[in-house]
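Here are my notes on this model, point by point. Please read them with the structure open.

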2 protein chains.
Amino acid sequence: MFASLGGDRVPAEIGMPPPRINFSEFRYEKDEQIFGENEPADYVYQVTFGAVRSYKLLVDGRRQIGAFHLAGDIFGLENAAVHRFTAEAIVDTKVRLVKRQTLELIAEKDVLVARDLLNTTAAKLEHAEDHMLLLGRKTALERVATFLLEMDERLTRAGFFALPMNRRDIADYLGLTLETVSRALRQLDERGILGFLSCNQRQIVLLDRKRLTNLGA
Amino acid sequence: MFASLGGDRVPAEIGMPPPRINFSEFRYEKDEQIFGENEPADYVYQVTFGAVRSYKLLVDGRRQIGAFHLAGDIFGLENAAVHRFTAEAIVDTKVRLVKRQTLELIAEKDVLVARDLLNTTAAKLEHAEDHMLLLGRKTALERVATFLLEMDERLTRAGFFALPMNRRDIADYLGLTLETVSRALRQLDERGILGFLSCNQRQIVLLDRKRLTNLGA
DNA sequence: CGGGGGCTTGAGGCCACTCAACGATAGTGG
DNA sequence: CCACTATCGTTGAGTGGCCTCAAGCCCCCG
């Protein structure tokens, strides 16, 4: 993303603003809020290290996490004046930020940057569309299977990874309760589809990706 | 949407390609497919009359409708080579269509058109984000209330309207069954929050928008 | 060693689903 | 005009998957 802003020495999927663009590095501690829903959307963020959750709340506190943002991901990019999610660091996190107005001014002249904005937004839309199918029509086991495949894809693609988020975050992402997530993981463990590493319940090995894919589809 | 393509004599919210852009009118009968998921996305569509549903299917037939498209709405605009939804006419429907490539060529030169593409995509993203909250965290009654408010907003804003879609479509949009939708509507009727017009179960009057809003929020 | 957070596990309940029957309406053809 | 059919919607009875509530485990950390 933002490949058009990147130099050649940087992996395209991470990207990097060229020297002429002002960007700041910033750090957030675990559970620290980065921005709140309906706050002015003055900055666009990119995770350089760590993980971020963005979510909406209902008045009684029910929470829906719309997306997790991992290293390289852009977030907080709005086409409106205000943020539509609250964003919080899941673990200690470093971000880069650019003034939204700066980006927009560049986009008006540079077609490549404009196209990047569109690509980024379209990618988020595709994710949301897939997630609607999950939330509306998949069973608890299918949701968890889909989630594990997504995390494997985004974290390592290696079949094992350490989840940065806790069970409650996963549950609020998948439209479930944390107990149901826990039970689904145990079931996948019992079936030999996944395993937990080294007594740590967040370190997961995918043992049978084929069966997991069957469940997640 | 696509205001930058419109002439002054056309309402901005509907828009119209200027004379130099080739666009075709097309008609689809009730339940006719307009395009299928994973088909090449060569055209972008705009509803001029009628209504369209776009949905995804799971292998066993479970369906999630991602959006309804009403008069004036753009759909089928993808940033990828293929469509990510199947689109079908809900009732007899007229659409206008433009070659996607044409639009992209123009967007590369005309910043206003490029911005329109971004705005349209961003609006769809916002809708999807709100809908994830609904699908993940709202009760059946809250979903139906939200749906009615959305339809009132988009159809007439007058407090009464005729739904183009049947109960099954509504259910597949809200992640429910058609029976649950029916029961929720009856409950809202019994509570005096809405009424049905003239023996037609699709013609609805909102009698107490305040209580409906309380439920839908 | 006590405390707390994260996670698991069990028991019971409830909301939405499933299955089934029925009613209303529109269209079709005799 | 009246069957006849198909579609759509409603309603009821019963089930079940996920939620709620609660207890307990494990690990980390003071």
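**Notes on the DNA surface and the chain contact**

1. H5(B) gives the most to the surface near DNA strand D, with five residues. Helices here (H or I, at least four residues) and strands (E, at least two) are DSSP runs, numbered from the N terminus. A residue is near a strand if one of its heavy atoms lies within 4 Å of it.

2. Some ground rules. This is a predicted model, where local features need pLDDT of at least 70, side-chain atom pairs count only at pLDDT 80 or more, and totals for chains, interfaces and linings use all residues. Residues are numbered from 1 along each chain as its sequence is written, chains are lettered from A and ligands numbered from 1 in the order in which they are written, and side-chain values use heavy atoms, with hydrogens and water left out.

3. DNA strand D is surrounded by 18 residues. Among the closest are Ala140(A), Thr180(A) and Arg202(B). By class, three are nonpolar, seven polar and eight charged. (Ala, Val, Leu, Ile, Met, Phe, Trp, Tyr, Cys and Pro count as nonpolar; Asp, Glu, Lys and Arg as charged; the others, Gly among them, as polar.)

4. Arg186(B) has a side-chain N or O atom 3.0 Å from a phosphate oxygen. Two or more residues each come from H5 (178-190) of chain A, and from H5 (178-190) and strand E11 (200-206) of chain B.

5. Now the protein-protein side. About 3800 Å² is buried between them, 60% of it from carbon and sulfur atoms. Buried area is the accessible area (1.4 Å probe) that two parts lose on being put together, summed over both. In chain A, Asn79(A), Met132(A) and Arg137(A) lose the most area to chain B, together 20% of what that side buries.

6. Between the chains there are 12 salt bridges (a side-chain nitrogen of Lys or Arg within 4 Å of a carboxyl oxygen of Asp or Glu). One of them joins Glu129(B) to Arg84(A), with the closest N and O atoms 3.3 Å apart.

Conventions: A polar contact is a pair of N or O atoms within 3.5 Å; within protein, one must be able to donate a hydrogen and the other to accept it, and residues adjacent in sequence count only if both atoms are side-chain atoms.
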